[in-house]
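The sequence and the structure are shown first, and the description follows.

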Amino acid sequence: MQTGLKITAFAAGLAGLKITAFAAGLAATFGSAYAVGGALDPVAAPKEPSHQESGEGHGEKEGPAAEKGAGKASELPGGLQVSQGGFTLDLDTPRVEAGEPAELRFAVVDEDTSRNVTAFRREHGKELHLIVASSDLTTYRHLHPERAADGTWSTPVELPEAGGYRVFADFTPDEKNAEGVTLGADLAVSGDARPEPLPEAERTVTVDGYEVTLAGALRPGAGSELKLEVEKDGKPVTDLQPYLGAYGHLVALRAGDLAYLHVHPNGESGDGRTESGPEVSFTATAPSKGAYRLFLDFRHEGKVRTAAFTVHAGGTAPEKPAPEGGESADHGH
């Protein structure tokens with residue numbers, strides 16, 4: 001399985017929509033980033049994030065697929081560009097209405113042939129993973145679109161709040177020695193937009209009666225282990241169910257520009273070594289210092305739930321007692 005960030009450039013893409021003072025709200029909200037010490041502490045001193053470092057992990061690819069699109073800034077973290085590695089994300093649905101059912105339609109275009117890509121390598125049971133996140137990182141969707149024979153993808157979606165969103169297509173072309181690619185495109189959701197501030201960092205969050213505790217540090221430019229432990233009614237959950245081939249799916253988005261980091265878990269379901277809870281472990285690398293939003297998908301009793309955390313990579317901060325609970329992101333699958 002492959003492995004939370006606000007954008008100041010959405011105003012241009014939202015012309016004609018009822019998004020009151022959206023650009024000003026984003027600028028005020030994202031005027032500063034956060035930096036916190038090696039531990040996941042809930043307090044951070046404001047600091048401008050660095051965007052000069054390039055991280056590792058899914059969405060930050062090198063190799064043949066990246067070489068195919070030479071000169072396309074493949075060294076950037078994933079999801080920041082609509083075109084990268086010789087492929088372009090063609091989003092046919094650039095805007096939807098807040099709170100209304102809609103259908104997202106898109107295609108992945110091969111820049112060499114100008115044709116839709118129709119052959120993808122299956123990873124964790126899917127040819128393509130689609131992530132949709134609001135620029136304030138309070139709404140998150142992990143969707144599983146269906147592909148038509150002509151390479152057009154589609155999926156139903158309903159987004160609750162107006163504002164700017166980012167659509168991420170995470171895939172590996174079915175080509176010899178091809179590497180994975182993560183492309184991103186802007187999505188406008190019309191209505192009265194009221195961006196929220198980035199949720200504060202918490203060690204434990206609660207979602208649908210489950211308590212999920214995060215341990216470990218997200219470090220810039222270096223791999224580090226993140227452990228998430230799932231409990232319910234005060235008892236460890238030891239019978240997590242496989243979801244996309246593992247017991248957890250983690251996505252990280254950088255505040256400010258929504259750079260995408262998608263990491264693999266340390267172990268898979270059915271490998272004879274990985275236990276089905278309560279702990280799910282990942283190794284991740286942050287592309288830079290700053291604030292990130294982590295989204296953990298896990299499955300139990302037949303339902304997928306999402307626990308969301310704000311963490312900070314790099315810097316220092318005073319110690320603070322771990323809170324008893326926290327917020328979870330609005331989520332859907």
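## Salt bridges

Across the whole structure, a search finds nine salt bridges, a salt bridge being a side-chain nitrogen of Lys or Arg within 4 Å of a carboxyl oxygen of Asp or Glu. The structure is a predicted model, in which local features need pLDDT of at least 70 and side-chain atom pairs count only at pLDDT 80 or more, while totals for chains, interfaces and linings use all residues. Residues are numbered from 1 along each chain as its sequence is written, and side-chain values use heavy atoms, with hydrogens and water left out. Side chains of opposite charge can pair when their charged atoms come close.

One of these pairs joins the side chains of Asp 192 and Arg 194, with an N to O distance of 3.1 Å. Asp 192 is partly exposed, at 41% relative accessible area, whereas Arg 194 is exposed, at 64%. Here buried means under 20% relative accessible area, exposed means over 50%, and partly exposed lies in between, using a 1.4 Å probe and protein chains only.

## Asp 208 and its partners

Asp 208 forms a salt bridge with Arg 305, and the closest N and O atoms are 3.5 Å apart. Arg 305 belongs to strand S22 (residues 303-313) and Asp 208 to the loop between strand S14 (204-207) and strand S15 (210-216), so the pair ties together parts that are 97 residues apart in sequence. Strands are DSSP runs of E with at least two residues, numbered from the N terminus. Arg 305 is buried, with a relative accessible area of 9%, while Asp 208 counts as partly exposed at 45%. Salt bridges that share partners join Asp 208, Lys 303 and Arg 305 into one network.

## Thr 93 and the pair beside it

Thr 93 lies in the loop between strand S4 (87-91) and strand S5 (95-97). Thr 93 is buried because its relative accessible area is 11%. Its side chain reaches the backbone oxygen of Glu 103 at 3.3 Å. When residues up to four places away in sequence are not counted, Thr 93 touches Glu 103, Leu 104, Arg 105 and Leu 187, contact meaning heavy atoms within 4.5 Å.

Two of the residues touched by Thr 93, Glu 103 and Arg 105, also meet each other through their side chains in a salt bridge of 3.9 Å, N to O. Arg 105 is partly exposed at 34% relative accessibility, and Glu 103 is partly exposed at 41%.

## The second largest cavity

The second largest cavity has a volume of about 30 Å³. On a 1 Å grid over the protein atoms alone, a cavity is a set of points where a 1.4 Å probe fits but cannot get out, and lining residues have an atom within 4 Å of a point. Its lining has 10 residues, of which Glu 123, Glu 127, His 129, Asp 170 and Phe 171 are the closest to the centre. Strand S8 (128-134) and strand S12 (163-171) are the elements that give two or more residues to this lining.

## Pro 145

Pro 145 is found in the loop between strand S9 (139-143) and strand S10 (146-147), and Pro 145 is buried, with a relative accessible area of 9%. Apart from neighbours within four places in sequence, Pro 145 is in contact with Phe 106, Leu 128, Leu 130, Trp 153, Ser 154 and Thr 155. Pro 145 and Glu 127 are 18 residues apart in sequence, and their C-alpha atoms are 9.4 Å apart in space.

## Backbone features

Most residues other than glycine have a negative phi, and most peptide bonds are trans. Asp 208 has a positive phi, near 50°. Glu 301 also has a positive phi, near 55°; Glu 301 lies in the loop between strand S21 (290-300) and S22 and is exposed, with a relative accessible area of 54%.

A cis peptide bond joins Gly 277 and Pro 278, with omega about 0°. Pro 278 lies in the loop between strand S19 (260-263) and strand S20 (279-284).

Note on methods. Helices (H or I, at least four residues) and strands (E, at least two) are DSSP runs, numbered from the N terminus. A polar contact is a pair of N or O atoms within 3.5 Å; within protein, one must be able to donate a hydrogen and the other to accept it, and residues adjacent in sequence count only if both atoms are side-chain atoms. On a 1 Å grid over the protein atoms alone, a cavity is a set of points where a 1.4 Å probe fits but cannot get out, and a pocket is an open set with protein on both sides within 12 Å along at least five of seven lines; lining residues have an atom within 4 Å of a point. Grid points are joined across faces, edges and corners, and a volume is the space filled by probe spheres set on the points.
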